[in-house]
Amino acid sequence: MDITALRSAHPTHWNRATALRVLAMDAVEAANSGHPGMPMGMADVAAVLFANHLKFDASNPDWPDRDRFILSAGHGSMLLYGLLHLTGYADMTLDQIKNFRQWGARTAGHPEYGHAKGIETTTGPLGQGIANAVGFAIAEQSLQARFGKALVDHRTWVIVGDGCLMEGISQEAIGLAGKQQLSNLIVLWDNNQISIDGAVSLSDITDQHKRFEASGWQVIACDGHDPVDIDRALTAAKAADRPVLVDCATVIGFGSPAKSGTSGAHGSPLGKDEIAATRAAYGWTHAAFDIPADIRADWAAIGARGATDRAAWENRLASLSPGKQAEFTRQIKGEAPKKLAATIRALKKQISDSAPKVATRRSSEMVLEVLNPILPETLGGSADLTGSNNTRTPDLGMFTPDNRKGRYIHYGIREHGMAAAMNGMALHGGVRPYGGTFMCFTDYARGAMRLSALMGVPVTYVMTHDSIGLGEDGPTHQPVEHLAISRATPNTWVFRPADTVETAEAWELALTATRTPSVLSLTRQNLPTLRTTHTNKNLTAQGAYVLAEAVGKRQAILMATGSEVEIALAAHDILQEGHIGTRVVSMPCWELFEAQPEDYRRKVLPAGPVRVGVEAAARFGWDKWLFSERGRRDKGDFVGMDGFGASAPAPRLYQEFGITAEAVAEKVRALLA
């Protein structure tokens with residue numbers, strides 16, 4: 001459909017879509033940076049979606065039963081910002097649009113969760129948005145099963161580009177969504193056949209229709225510039241019994257005389273002359289950032305369209321018993337139940353008394369066995385390693401198309417898709433997701449784990465088989481650098497518990513976190529219970545604490561995590577027999593220790609004694625505790641890994657790599673000498 005015909009046949013729609021296009025052109029030009037072509041190409045689809053289909057109320061952007069709109073093709077962020085501004089989201093002002101990509105503006109280069117209402121997730125790394133959307137859709141179905149359609153009945157809409165569909169994570173996402181028959185998920189494909197390098201055909205020949213159909217999706221096609229055809233497609237998509245891909249045939253940079261349909265419209269400003277020519281082609285005579293009052297009023301009415309539905313929903317919520325209202329609100333807000341702390345304390349007491357010797361992956365399962373029954377919002381899972389990760393408890397049931405009340409997801413071998421879906425669940429609200437794989441395979445989940453931290457969503461990653469202690473599977477599966485990588489990620493709590501008590505404390509912290517994801521690094525091999533004297537206090541919350549004190553003059557401090565705390569305690573006994581007073585510090589979470597007041601850190605790591613760190617992993621990061629925090633370079637050393645592991649039983653590996661109590665004691669003697 002050419003511009004003249006579109007303007008003539010659909011004047012109201014034309015004005016809506018053109019307002020989006022010119023805001024995108026003007027903002028990118030003002031910033032001298034950005035991607036105008038995608039917003040210009042998808043403006044028609046977005047205008048029809050928001051005007052006719054999306055359930056939302058701009059005056060109450062946190063309404064729990066709103067539809068979720070996700071811009072997976074995050075480089076086209078000005079499309080989202082324009083929509084939020086025109087529909088009346090209070091914090092997306094015209095000044096924010098004018099300051100696109102500038103310091104302090106809500107309008108970052110790619111949409112960032114938390115910067116403004118209506119930005120449901122952080123996108124930009126392509127493919128993350130569509131994978132998040134699967135999690136949003138799962139969360140909606142899980143909540144609906146718990147609270148009914150009267151409170152929870154909405155859809156997730158997501159715009160993807162060719163780049164999103166090329167990223168490997170997209171296949172993990174669409175395979176999972178197809179298996180789960182998520183009919184509340186609708187993907188709008190901006191099929192403009194252009195990437196930054198040029199035509200998509202330079203790098204890809206995938207038949208996306210067949211690909212999605214093979215993954216259990218329904219596929220619908222439309223002319224992405226014909227509002228009638230778009231409306232037909234979206235209406236049909238809402239009636240589907242499975243997830244839907246809507247193929248929207250569009251022209252990137254729609255209307256630009258020189259750059260439409262080319263990569264020249266993709267990732268750089270059009271330029272003043274081309275913007276003027278495009279305005280002329282549109283018949284748009286208004287100045288930069290100037291949207292006429294009648295068009296603004298029309299868009300504002302679209303933003304207010306959902307107020308009636310929202311008010312009706314609030315009445316339905318108010319009609320419930322106070323207890324059910326409170327429980328719904330608690331779960332949506334992500335607040336822990338009041339009995340969580342008492343449940344953890346009771347388990348700790350039981351463990352300290354019985355002193356089991358179990359792997360911390362089993363410790364984690366023991367914790368979940370008492371927590372899952374009191375936390376109906378937990379949604380667990382594993383990337384095809386359920387029996388190894390110990391993430392499923394008997395009460396959960398399996399989440400399937402036939403059982404949305406189930407609370408355990410078999411993700412298959414889709415670590416990245418699992419992590420991104422969990423981000424979506426946490427962002428949606430009402431779900432506390434946790435998922436497991438081997439610690440080594442954090443590599444496969446890294447992109448989504450980074451976004452958990454960047455967005456501040458409290459996803460829990462259960463990462464088992466955390467060192468050479470896993471044994472015979474060998475160096476491909478034995479983490480060495482992975483603790484350091486996880487700890488290097490800002491706003492991430494990395495827990496490496498030494499026994500079941502510390503594991504319980506770590507879970508309590510993970511499940512009460514509000515803005516921080518957690519990584520639980522857990523063993524395959526059995527470990528003794530080290531905390532045999534019960535205390536109600538959560539010592540892991542301090543990050544590090546004194547587990548064993550020196551007898552006599554304190555000459556050495558041994559610092560260790562996880563399975564190596566047992567080794568440090570054995571070294572403590574050897575050194576004490578040699579009249580070398582030795583303190584042992586368990587350090588289950590470096591990040592929490594670093595956040596403690598300096599006077600507490602000084603008490604745990606005072607100046608003077610020599611220090612040895614013990615961890616079956618790379619040394620990277622340990623020098624902070626060995627040489628700073630009142631330490632000295634000539635009085636610190638490390639026992640751990642300086643290369644990759646090997647295939648053998650775990651005890652032999654610890655001997656061969658020199659991670660033994662005697663080796664630790666010898667390091668202390670050498671430093672004292």
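**Briefing on a predicted single-chain model**

V501 is buried, its relative accessible area being 2%, and this residue belongs to helix α21, which covers residues 500-512. The model described here is predicted, and its chain of 673 residues has 61% of them counted as buried.

**The chain as a whole**

- The chain contains 27 helices and 20 strands, and its C-alpha trace extends over about 95 × 55 × 45 Å along the principal axes.
- When contacts between residues at least 6 apart in sequence are considered, 78% of them join residues that are at least 24 apart.
- The accessible surface of the chain amounts to about 24000 Å², and carbon and sulfur atoms account for 51% of that area.

- In helix α11, which runs over residues 272-282, the buried residues are E274, I275, T278, R279 and Y282.
- These residues lie on the same side of α11, because they cover an arc of only 140° around the axis.
- The exposed residues D273 and A280 sit on the face of α11 that is turned away from the buried side.
- The cover over the buried residues of α11 includes α1 (3-9), α2 (11-31) and α3 (37-53).
- After α11 comes G283, which has a positive phi, near 75°.

**Helix α8 and A173**

- Helix α8 comprises the 13 residues 168-180, which at 1.5 Å a residue should span 18 Å, and the separation of 19 Å between its end C-alpha atoms agrees with this.
- The buried residues in α8 are I169, S170, A173, I174, G175, L176, A177, G178 and Q180, and among the elements covering them are α6, α7 (162-166), β3 (185-191), α9 (208-214), β10 (408-410) and α18 (415-428).
- A173, a residue of helix α8, is buried because its relative accessible area of 3% falls under the 20% cut-off.
- Once neighbours within four places in sequence are left aside, A173 is in contact with I130, A131 and V134.
- A173 and T540 are 367 residues apart along the chain, and their C-alpha atoms are separated by 35 Å.

**T121 in a loop**

- T121 is located in the loop that joins α5 (94-98) and α6 (128-147), and this residue is buried, with a relative accessible area of 4%.
- A polar contact of 2.8 Å links the side chain of T121 to the side chain of N132.
- Apart from neighbours within four places in sequence, the residues in contact with T121 are I70, P111, Y113, N132, F136, L427 and M455.

**Surroundings of V501**

- Not counting residues up to four places away in sequence, V501 touches K348, I351, S352, T529 and R531.
- Although V501 and L347 are 154 residues apart in sequence, the distance between their C-alpha atoms is 8.2 Å.

Conventions: Residues are numbered from 1 along each chain as its sequence is written. This is a predicted model: local features need pLDDT of at least 70, side-chain atom pairs count only at pLDDT 80 or more; totals for chains, interfaces and linings use all residues. Side-chain values use heavy atoms; hydrogens and water are left out. Buried means under 20% relative accessible area, exposed over 50%, partly exposed in between (1.4 Å probe, protein chains only). Helices (H or I, at least four residues) and strands (E, at least two) are DSSP runs, numbered from the N terminus. The arc is that of the directions from the helix axis to the C-beta atoms. Contact means heavy atoms within 4.5 Å. A polar contact is a pair of N or O atoms within 3.5 Å; within protein, one must be able to donate a hydrogen and the other to accept it, and residues adjacent in sequence count only if both atoms are side-chain atoms. Accessible areas come from the Shrake-Rupley method with a 1.4 Å probe; for residues, only the protein chains shown count as cover. The expected span of a helix is 1.5 Å times one less than its number of residues.
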